[in-house]
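Me: I'd like to learn how to read residue contacts and helix packing. Could you take me through a case or two?

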Amino acid sequence: MTSELDLSALLADHPVIDGHNDLLWEARAQVAYDFTRLDVGTGGTPTHTDLPRMRAGGMGAQFWSVYVPCRLTGDDAVSATLEQVDAARHLTSSYADQLAWATTADEVEAAWASGRMASLTGAEGGHSINCSLGTLRRLHELGVRYMTLTHNANTPWADSATDRPAVGGLTAFGREVVREMNRIGMMVDLSHVSADTMRDALEVAEAPVIFSHSSARAVTDSRRNAPDDVLERMAAGGGVCMVTFVPKFVNAACADAHRETVAAAEAEGILESDGVRFAAFEEAWVVDHPVPTATLADVVAHCEHVREVAGIDHIGLGGDYDGVEVLPTGLEDVSTYPALLSALADRGWSADDLARLTCRNTLRVMREVEDAARRIQAVRGPSLARIEDLDGVRS
């Protein structure tokens, strides 16, 4: 068993890089981004995340999700995404003694050298670019370093895991989005997308892809998880699957309960992709249909499976804190990463294995995506493709 001292030393040298956290949307909803009212610097906040608990959890970097809900479309989605990016900068500057803005792997390590945690951003859903490659490029210029191709609803160019299939994966424009992300050095995130979209993206990708917050479908049968063939292809391309902690993605009983909820909602004409109506239905439904409990052991099982299928070089962590109401017992907030690492150490994971899980794999992928962008830019300029030209439609 890894001693507490050994684990502390490991996290000091190899702090956790987490792939996905929704604190910014909570800050928007609760206090309109006023961090004097939601002071994450002093702790004790009603969120899963604050800076003292991040430190206690051995964290060194967080990809803040600049998520906006799918109910926002067109320019409204773009504007809200820009506000979320602005909030990430505001958060970072408000706690500049503890957080440092980062857009590259080198900048992450520079933050650590200065005694601070790195602040990074990822956009959760292709609706944030309103079918515009120019908008995609400007988000990258503002510091956004990954984009999840969809959220819970389809985009005109990609199918979501939680919507009815519409285009069978990626359209021609969707493939161009992936190519342009590779060219500019923005990581392609396959969480939330359908299995067909995953496979199409892997077919066209010229750089490693990520799953910012997904687990293994073979362990828990959820459409939000990655099938084994996808995990194998992701690893073959050098990518990383950041195992998530969301109960309905890591525990079979929770997944079954969620499917029951989805079916009941559909019987009332409400699709899971209809975020506002589905959330209201779910809130009422769970009053008489209590949700089962997931545990840390469920997450351990997913870590073990992803390691077995994809390999130790292709696994990371993406808790999805503040993106869900309830987390597994033992992983209730961002201070609990050491408990997960201790459980994995008890199952034979070495210090080197754990270092790859916490940060080394993600840093490697970031660098490989950065390197691929430099190679591609040497031979290819910005794509001027439009969805109306490639797909014959406009969002």
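Me: Which residues is Thr121 in contact with, leaving aside its neighbours within four places in sequence?
Reply: Contact means heavy atoms within 4.5 Å. For Thr121 in this predicted model, the partners are Phe63, Trp64, Val66, Ala88, Trp101, Gly143, Val144, Arg145 and Tyr146. Residues are numbered from 1 along each chain as its sequence is written. Local features need pLDDT of at least 70, side-chain atom pairs count only at pLDDT 80 or more, totals for chains, interfaces and linings use all residues, and side-chain values use heavy atoms, without hydrogens and water.

Me: Is Thr121 buried or exposed?
Reply: Buried means under 20% relative accessible area, exposed over 50%, and partly exposed in between, with a 1.4 Å probe and protein chains only. Thr121 has 0% relative accessibility, so it counts as buried. Its place is in strand S4, residues 117–124 (a strand is a DSSP run of E, at least two residues; a helix is one of H or I, at least four; both are numbered from the N terminus).

Me: What does the side chain of Thr121 reach?
Reply: The backbone oxygen of Gly143, at 3.3 Å.

Me: At what angle do H9 and H13 pack?
Reply: Axes are lines fitted to C-alpha atoms over the stretch in contact, and angles run from 0 to 180 degrees between N-to-C directions. Helix H9 (residues 228–236) and helix H13 (residues 296–310) pack at about 60 degrees, their axes 9 Å apart.

Me: Which residues make that contact?
Reply: H9 brings Asp228, Leu231, Glu232, Met234 and Ala235, while H13 brings His305, Val306, Val309 and Ala310.

How values were computed: A polar contact is a pair of N or O atoms within 3.5 Å; within protein, one must be able to donate a hydrogen and the other to accept it, and residues adjacent in sequence count only if both atoms are side-chain atoms.
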